Structure formats: structure tokens, C-alpha cells
Amino acid sequence: MIIGVGIDVAEIDRFQEALNRHPGMATRLFLDRELMLPSGERRGIASLAARFAAKEALAKALGAPPGLLWTDAEVFVEETGQPRLRVSGTVAARAEVLGVKSWHISLSHDAGVASAVVIAEG
């Protein structure tokens, strides 16, 4: 049973400008491991914008309740290349209240826009 669906888009250049204007923003939005590629290099801006869109989409799938912490949702990639969500804290608590048992996520970026879809399944 689908409990919620969220979709969001982020203009990549605008997201970069926001990060430039607010140096601490990246650490408020992302866990350290989300900022880095498995190789140890810093993740590119298009990839970060897609992860931000995923966190926005996740909040929408949960009904956009106040008080969710950005870092209580982690976007990671399995060895197969498939993106996944790992939730904790405020996000996990809301998901439990709603009966969410699993997550489905899709990320994309093209033509200056990053997008994400999140489905919460019970």
C-alpha cells in the first residue's frame, strides 16, 4: 500500500548559489558521507541538488510535517547503482507513525535541473 508520494525539482545553478551564499548550508542539509563519492572526492553539485530534491520529496511523501531534520534522511547508492534512503530520528519517527515499511526513490538531473521522486510504502 502506498502511504505517500513526493516529487521535487531543484535548479542546479540556484542550488549552487545558495550553497555559496551560506557556507554552512551543506552541513545542515547533508551528512558528511553524502557529500563525498566512494572514491573520496567531493560529490558534484548536480548530484547534491538531486539529493536535496530527494529530501524535499521525502518530506512531501510524509505529509510535510514540521520539525523534520534534513540530516535524519540519508540518500545513498547501493553497489548496484540504485539510490536508496536511510532514515533515522525525526524522519523515522514520522514514518513509523504513518506505517512506512519501505522507500522507493528515483533521482535525475539534466538541462540544469535536478529532480527526485520518493514513494513511501506500508
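Predicted model: local features only at pLDDT ≥ 70, side-chain atom pairs only at ≥ 80, totals over all residues.

Residues are numbered from 1 along each chain as its sequence is written, and side-chain values use heavy atoms, with hydrogens and water left out.

Let me start with the cores. A nonpolar core here is a set of buried Ala, Val, Leu, Ile, Met, Phe, Trp, Tyr and Cys residues joined through side-chain atoms within 4.5 Å. Buried means under 20% relative accessible area, exposed over 50%, and partly exposed in between, with a 1.4 Å probe and protein chains only. The largest nonpolar core has 17 residues, and those touching the most other members are Leu58, Leu62, Leu85, Val100, Trp103, Ile105 and Val118. At least two residues of this core come from each of α4 (45-61), β2 (73-77), α5 (89-98), β4 (102-110) and β5 (113-121). These elements are DSSP runs numbered from the N terminus: helices are H or I with at least four residues, strands E with at least two. With five residues, α4 gives the most to this core. Apart from it lies another core, of 16 residues, including Ala10, Leu29, Leu35 and Leu48.

Next, the helix α4. Its 17 residues reach 24 Å from first C-alpha to last, close to the 24 Å expected at 1.5 Å a residue; the expected span is 1.5 Å times one less than the number of residues. Of the 17 residues of α4, 14 are buried. Glycine 63 follows α4 and has a positive phi, near 90°.

I turn now to the strands, where pairing requires that DSSP find at least two bridges between two strands. β5 has a covered face of Ala114, Ala116, Val118 and Ala120, and an uncovered one of Val113, Ser115, Val117, Ile119 and Glu121. Strand β1 (residues 2-11) pairs with β5 in the antiparallel sense over nine bridges, and isoleucine 2 stands opposite glutamate 121. β4 and β5 also run antiparallel, joined by nine bridges; leucine 107 has alanine 116 as its bridge partner in β5.

Finally, is alanine 111 buried or exposed? Alanine 111 lies in the loop between β4 and β5 and is exposed, with a relative accessible area of 74%. In this hairpin, which has two residues between the strands, alanine 111 takes a positive phi near 50°.
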